[in-house]
Amino acid sequence: EIVDIVDAQPTPWTSPSPARDTIALLQRESLPPVSELARPMERLAGLRLDAETNGRHGPRSVVGLSLLDIATGEERSVALPENVGISNVSWSHDGSKIAMVITRGPRPVRSRVPDGPVIQEASGQESPVRTYQDLLRDSDDADLFAWLASSQLVLVNADGRNQRRIGAPGLYYSASPAPGGEYILAESIRRPFSLNNYMILH
């Protein structure tokens with residue numbers, strides 16, 4: 001039946017361990033539910049963000065994780081929180097851990113009083129201006145963006161135990177472990193952010 005073909009679960013993505021003795025199977029969703037597509041979206045700093053998940057807005061690509069022992073063929077599911085999507089799965093250097101990032105907090109409340117006037121300055125010369133989508137307009141947008149985009153680096157064993165936080169929460173956009181596993185190279189965004197209200201037109 002055509003319906004069965006459409007509804008069939010896609011082949012999982014795979015991520016082999018450094019020792020090549022275990023494969024992480026990333027279980028995917030064939031058709032995201034309408035509730036996923038209809039979730040509220042925040043347009044901030046050129047991004048589409050989901051206020052409920054602190055992540056990118058859009059359907060989940062990976063919804064489950066299991067570990068396959070290559071020698072025995074035994075597959076073991078990894079317990080995850082309910083109704084979550086995962087991405088950027090990577091192994092520790094020795095293949096014993098998988099890191100995940102989860103952060104939450106009270107959503108900032110938009111102020112009823114504006115920060116000040118919208119100021120744009122032009123030098124009087126014609127010049128093409130690059131168009132950017134959904135720029136931060138004021139300090140309320142900046143607070144909401146920081147709340148949505150903040151995350152906490154955590155080391156987690158493959159069995160979900162022995163969670164250890166690394167550093168303080170921040171606006172991380174990449175994190176790569178060193179080959180020896182002793183350090184993590186993390187890149188982050190820091191305040192103050194550029195606001196559209198104070199864009200200068202040349």
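Is Leu-31 buried, exposed or partly exposed? Leu-31 is partly exposed, with a relative accessible area of 48%; buried means under 20%, exposed over 50% and partly exposed in between, with a 1.4 Å probe and protein chains only.

## Basis

This is a predicted model, in which local features need pLDDT of at least 70 and side-chain atom pairs count only at pLDDT 80 or more, while totals for chains, interfaces and linings use all residues. Residues are numbered from 1 along each chain as its sequence is written, and side-chain values use heavy atoms, with hydrogens and water left out.

## Surface patch

Leu-31 is found in the loop between strand S2 (22-28) and helix H2 (34-37). Helices (H or I, at least four residues) and strands (E, at least two) are DSSP runs, numbered from the N terminus.

Together with Ile-2 and Val-6, Leu-31 makes a nonpolar surface patch of about 300 Å². Like charges are joined within 9 Å, and nonpolar side chains (Val, Leu, Ile, Met, Phe, Trp, Tyr) within 5 Å. Accessible areas come from the Shrake-Rupley method with a 1.4 Å probe; for residues, only the protein chains shown count as cover.

## Aromatic pair

The count comes to one aromatic pair, where rings of Phe, Tyr and Trp (its six-membered ring) pair if their centres lie within 6.5 Å, and planes under 30 degrees apart count as stacked, over 60 as edge-to-face and the rest as tilted. Phe-145 and Phe-193 form this edge-to-face pair, at 5.4 Å centre to centre and with 80 degrees between the planes. Phe-145 belongs to helix H3 (residues 139-149) and Phe-193 to the loop between strand S12 (184-189) and strand S13 (200-201), so the pair ties together parts that are 48 residues apart in sequence.

Both partners are buried: Phe-145 at 6% relative accessibility and Phe-193 with a relative accessible area of 15%.

## Helix H3

Eight of the 11 residues of H3 are buried, so the helix is largely enclosed by the rest of the structure. Among them are Leu-144, Ala-146 and Trp-147. The cover over the buried residues of H3 includes strand S3 (42-44), strand S4 (47-50) and strand S11 (164-177).

## Ile-189

Ile-189 lies in strand S12 and counts as partly exposed, at 38% relative accessibility. Not counting residues up to four places away in sequence, Ile-189 touches Leu-171 and Tyr-173; contact means heavy atoms within 4.5 Å. The C-alpha atoms of Ile-189 and Gly-170, 19 residues apart along the chain, are separated by 7.8 Å.

Key. Patches are made of residues with over 30% relative accessible area and no salt bridge: like charges are joined within 9 Å, nonpolar side chains (Val, Leu, Ile, Met, Phe, Trp, Tyr) within 5 Å. A salt bridge is a side-chain nitrogen of Lys or Arg within 4 Å of a carboxyl oxygen of Asp or Glu.
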